[in-house]
Amino acid sequence: METMTATIERNTGETTAPAAGTTRERAVRYILAGTRMALGWIFLWAFIDKLFGLGHGTEAKNAWINGGSPTKGFLTFGVAGPFKDLYTGIAGAAWADWLFMLGLAGIGVALLLGIGMRVAAVAGGLLLVLMWTAVLPPENNPFMDDHLIYAAVLAVLALVNAGDTWGLGGAWAKLPIVRQAPWLR
């Protein structure tokens with residue numbers, strides 16, 4: 001199995017989880033696929049809750065569809081640290097709201113479907129690192145928090161093509177545009 005994977009890597013430059021394999025290899029693929037979908041749901045749920053104000057993190061009166069701003073509350077009252085002025089300055093800006101919401105939705109859908117994993121990992125990692133910088137230093141640690149861990153997990157998911165298991169990553173990779181621009185993988 002290792003020889004086959006090494007041959008694939010040499011010939012294509014891609015690392016793809018083999019369809020067959022040991023029980024451990026299959027278990028790792030399934031765990032990573034489940035982790036991918038769980039993170040996808042975290043991003044998509046944040047989008048849905050902020051869009052409709054379902055009361056979990058956003059009240060209905062503050063929903064985006066009701067004229068609320070998905071960035072204003074947190075960026076006005078929740079930020080701290082060296083970047084506080086930067087973030088409070090963009091709180092509630094229409095462009096910030098649109099970028100944030102499109103990012104949440106796009107990253108969530110990509111992760112749930114297993115498509116565009118590289119783009120989703122970069123965009124998600126950037127969003128998570130920006131969210132981390134908004135609360136420096138983190139409340140319970142001098143520098144480490146869940147945002148950085150999630151960003152690292154996104155990188156791992158993209159590197160191992162986790163969208164191929166329980167996702168549409170394999171079919172996505174065969175699309176002509178993805179084959180011409182592998183960064184879309």
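Me: Contact means heavy atoms within 4.5 Å. By that rule, which residues does Arg36 touch, not counting residues up to four places away in sequence?

Reply: Some ground rules come with the model. It is predicted, so local features need pLDDT of at least 70 and side-chain atom pairs count only at pLDDT 80 or more, while totals for chains, interfaces and linings use all residues. Residues are numbered from 1 along each chain as its sequence is written, and side-chain values use heavy atoms, with hydrogens and water left out. Now your residue. Arg36 touches Leu111, Leu112, Leu113, Gly114, Met117, Leu157, Ala162, Gly163, Thr165, Trp166 and Gly167.

Me: Where is the place of Arg36? Is Arg36 buried or exposed?

Reply: Arg36 sits in helix H2. Helices are DSSP runs of H or I with at least four residues, strands are runs of E with at least two, and numbering starts at the N terminus. For burial, take the relative accessible area with a 1.4 Å probe, protein chains only: under 20% is buried, over 50% is exposed, and in between is partly exposed. Arg36 has 0%, so Arg36 is buried. The C-alpha atoms of Arg36 and Leu154 are 7.8 Å apart, yet 118 residues separate the two along the chain.

Me: How many helices and strands does the chain have?

Reply: Nine helices and zero strands. From the N terminus on, the order is α-α-α-α-α-α-α-α-α. Of the 185 residues, 36% count as buried. Take the contacts with a separation of 6 or more: residues 24 or more positions apart account for 59% of them.

Me: How do I read helix packing? At what angle do H2 and H7 pack?

Reply: Two packed helices are described by the angle between their axes and the distance between the axes. Each axis is a line fitted to C-alpha atoms over the stretch in contact, and angles run from 0 to 180 degrees between N-to-C directions. H2 (residues 23–52) and H7 (residues 146–159) pack at about 130°, with axes 11 Å apart. Under 35 degrees is roughly parallel, over 145 roughly antiparallel, 65 to 115 roughly perpendicular, and the rest oblique. H2 and H7 are therefore oblique to each other.

Me: What is the hand of the crossing of H2 and H7? Which residues make the contact?

Reply: The crossing of H2 and H7 is left-handed; in such a crossing the near helix is turned anticlockwise from the far one by less than a right angle, and clockwise would be right-handed. H2 contributes Leu32, Thr35, Arg36, Leu39, Ile42 and Phe43. H7 contributes Tyr150, Val153, Leu154 and Leu157. By class, that is eight nonpolar, one polar and one charged. Ala, Val, Leu, Ile, Met, Phe, Trp, Tyr, Cys and Pro count as nonpolar, Asp, Glu, Lys and Arg as charged, and the others, Gly among them, as polar.

Me: How do the axes of H2 and H5 cross?

Reply: The H2 and H5 (residues 94–113) axes come within 7 Å and cross at roughly 145°. This crossing is left-handed. Arg36 of H2 takes part, and the residues met in H5 include Leu111, Leu112 and Leu113. The contact of H2 with H5 has 17 nonpolar, two polar and two charged residues.

Me: At what angle do the axes of H5 and H6 cross?

Reply: Roughly 140°, with the axes of H5 and H6 (residues 117–133) coming within 9 Å. That makes H5 oblique to H6. Again the crossing is left-handed. Phe100, Leu104, Ile107, Ala110 and Leu111 of H5 meet Met117, Ala120, Ala123, Gly124 and Leu127 of H6. The classes are nine nonpolar, one polar and no charged.

Me: How many salt bridges does the structure hold?

Reply: Side chains of opposite charge can pair when their charged atoms come close. The rule is a side-chain nitrogen of Lys or Arg within 4 Å of a carboxyl oxygen of Asp or Glu. The structure holds two. Lys61 pairs with Glu59 at 3.9 Å, N to O. Lys61 is exposed at 61%, and Glu59 is partly exposed at 46%. Arg185 pairs with Asp164 at 2.9 Å, N to O. Arg185 lies in the segment after helix H9 (176–180) and Asp164 in the loop between H7 and H8, so the pair ties together parts 21 residues apart in sequence. Arg185 is buried at 10%; Asp164 is partly exposed at 24%.

Me: Where does Thr165 lie?

Reply: In the loop between H7 and helix H8 (169–173). Thr165 is buried, at 11% relative accessible area. Leaving aside neighbours within four places in sequence, Thr165 contacts Arg29, Tyr30, Ala33 and Arg36.
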